[in-house]
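Hi everyone, thanks for making time. I'd like to walk you through a structure I've been looking at, so let me put it on the screen.

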Amino acid sequence: MLDHHVHTKRCRHAEGIEEDYILAAIRENLKVIGFNEHFPMSYLPRSIPVEEYAMDLEEFPEYIKEATRLREAYKEEITVKISTEVDYFEPAWKQIVEFLKPFLDQLDYIYGSVHVVDDWAVDDERFSNKWQDNDKDIIYGKYYKALIAMVRRGYFDVVGHLDLPKKFGHHPSAPMDGILDVLLDAIKENDMVIEVNTAGLRKPIREIYPSRTILENCFEKDIKITLGSDAHEPSHVGYEFNSTIEFLKEIGFEGIYTFNKRQKEFASFESMDGP
Ligand SMILES: [Zn+2]
Ligand SMILES: [Zn+2]
């Protein structure tokens with residue numbers, strides 16, 4: 001079992017330090033734990049409460065340093081991967097690249113995620129009024145357009161929680177097959193990996209990200225997948241992985257991908273002895 005997506009209290013909205021997550025992962029018999037802390041977000045619009053979503057840029061080196069130290073300290077028991085979840089925001093593209101540059105050679109993979117549409121985060125329940133005031137089709141349309149732009153940059157390794165706007169149960173008036181098809185084709189063309197994220201099972205939608213239909217399309221298109229719990233507390237590590245792997249096998253997937261210094265590596269379900 002491999003969990004590629006855990007946060008720590010460094011992001012200011014999660015609990016526990018890195019070591020707590022490593023110990024939880026060892027208890028769960030995981031073979032890999034990937035720290036995927038939110039990348040500092042100072043480049044986002046001022047209306048976004050970024051100080052509640054991520055650490056400051058000055059703190060980022062300490063995060064890498066601590067994860068690297070623990071990777072060495074626990075190497076006999078578990079493999080530690082180091083990553084960051086970048087909030088893709090098209091107008092700030094140049095800044096994002098500039099900020100990330102010094103850390104690229106220390107990262108095993110980089111997530112590209114979109115949380116912000118216009119000037120609010122679609123997954124922040126404090127802005128749920130925005131869902132009432134806006135046309136859901138327009139929000140979804142802008143969200144997927146931003147994801148397509150992110151993928152086409154050819155810069156990131158993984159697409160995080162692909163259908164995140166469904167978190168609170170808001171859906172478009174009709175399935176967005178057209179734009180989703182463009183998105184999946186772009187992901188395939190850029191050889192990106194889609195994250196199967198079990199956090200949705202803990203949210204009001206009670207469903208994995210992305211949906212079964214989208215995952216079936218991924219399988220048809222031979223798109224690679226990876227797995228993450230999006231843990232914001234140590235007890236979330238490996239959340240619902242056993243049932244999720246069964247679900248993925250049902251669709252036809254034979255394994256997931258992990259990463260080593262930005263290189264993909266296949267890990268078959270067969271090779272994973274579950275806890
Ligand atoms: Zn978070
Ligand atoms: Zn996220």
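**A walk through the model**

Let's start with Tyr-21: setting aside neighbours within four places in sequence, Tyr-21 is in contact with Val-6, Thr-8, Gly-16, Ile-33, Ala-231, Pro-234 and Val-237. Before I go on, please keep in mind that this is a predicted model. Tyr-21 sits in helix α1. Is this tyrosine buried or exposed? Tyr-21 is buried, because 28 other C-beta atoms lie within 10 Å, and the cut-off for buried is 20 or more. For a sense of distance, take Val-50: Tyr-21 and Val-50 are 29 residues apart in sequence, and their C-alpha atoms are 24 Å apart in space.

With 14 C-beta neighbours inside 10 Å, Ile-26 counts as partly exposed. Beyond the residues up to four places away in sequence, Ile-26 touches Glu-77 and Ile-78.

Now, how does helix α1 pack against helix α2? The axes of α1, residues 18-27, and α2, residues 60-73, come within 10 Å of each other and cross at roughly 35 degrees. This crossing is right-handed. On the α1 side the contact is made by Glu-18, Glu-19 and Ile-22, and on the α2 side by Glu-66, Ala-67 and Leu-70. By class, those residues divide into 3 nonpolar, no polar and 3 charged.

Let's turn to another helix pair. At roughly what angle do the axes of α5 and α6 cross? For α5, residues 136-152, and α6, residues 177-189, the crossing is at roughly 15 degrees, and the axes come within 9 Å. That makes α5 roughly parallel to α6, because angles under 35 degrees count that way. The crossing of α5 and α6 is left-handed, whereas that of α1 and α2 is right-handed. If you'd like to find the contact on screen, look in α5 for Gly-141, Tyr-144, Leu-147, Ile-148, Val-151 and Arg-152, which meet Ile-179, Leu-180, Val-182, Leu-183, Ala-186 and Ile-187 in α6. By class, that contact has 10 nonpolar, 1 polar and 1 charged residues.

Next, a strand. Asp-87 is found in strand β3, which covers residues 79-87. How many C-beta neighbours does Asp-87 have inside 10 Å? There are 25, so Asp-87 counts as buried. Leaving out residues up to four places away in sequence, Asp-87 touches Phe-39, Met-41, Leu-44, Ser-113, His-115 and Val-116.

Most residues other than glycine have a negative phi, and most peptide bonds are trans. Asp-191 has a positive phi, near 50 degrees, and is not a glycine. This aspartate lies in the loop between α6 and β8, and Asp-191 is exposed, with 11 other C-beta atoms within 10 Å. Arg-206 likewise has a positive phi, of about 55 degrees, without being a glycine. Its place is the loop between β8 and α7, and Arg-206 is exposed, with 9 other C-beta atoms within 10 Å. Where is the cis peptide bond that I want to show you? It joins Tyr-209 and Pro-210, and omega is about -10 degrees. Pro-210 is found in the loop between β8, residues 193-197, and α7, residues 212-220.

Finally, let's zoom out to the whole chain. The chain has 8 helices and 11 strands. Along its principal axes, the C-alpha trace spans about 50 × 45 × 35 Å. A compact globule of 275 residues would have a radius of gyration near 19 Å, and the chain has 17 Å, which agrees. Of those 275 residues, 43% count as buried. And what about contacts across the sequence? Among contacts between residues at least 6 apart in sequence, 79% join residues at least 24 apart.

That's my tour, and I'm happy to go back to any of these spots with you.

Note on methods. Residues are numbered from 1 along each chain as its sequence is written. Chains are lettered from A and ligands numbered from 1 in the order in which they are written. This is a predicted model: local features need pLDDT of at least 70, side-chain atom pairs count only at pLDDT 80 or more; totals for chains, interfaces and linings use all residues. Axes are lines fitted to C-alpha atoms, for helices over the stretch in contact, and angles run from 0 to 180 degrees between N-to-C directions. Helices (H or I, at least four residues) and strands (E, at least two) are DSSP runs, numbered from the N terminus. Angles under 35 degrees count as roughly parallel, over 145 as roughly antiparallel, 65 to 115 as roughly perpendicular and the rest as oblique. A crossing is left-handed if the near helix is turned anticlockwise from the far one by less than a right angle, and right-handed if clockwise. Two residues are in contact if their C-beta atoms, placed from the backbone, lie within 7 Å. Ala, Val, Leu, Ile, Met, Phe, Trp, Tyr, Cys and Pro count as nonpolar, Asp, Glu, Lys and Arg as charged, and the others, Gly among them, as polar. A residue is buried if 20 or more other C-beta atoms lie within 10 Å of its own, exposed if 12 or fewer, and partly exposed in between; C-beta atoms are placed from the backbone. The radius of gyration is taken over C-alpha atoms; the globule rule is 2.2 Å times the number of residues to the power 0.38.
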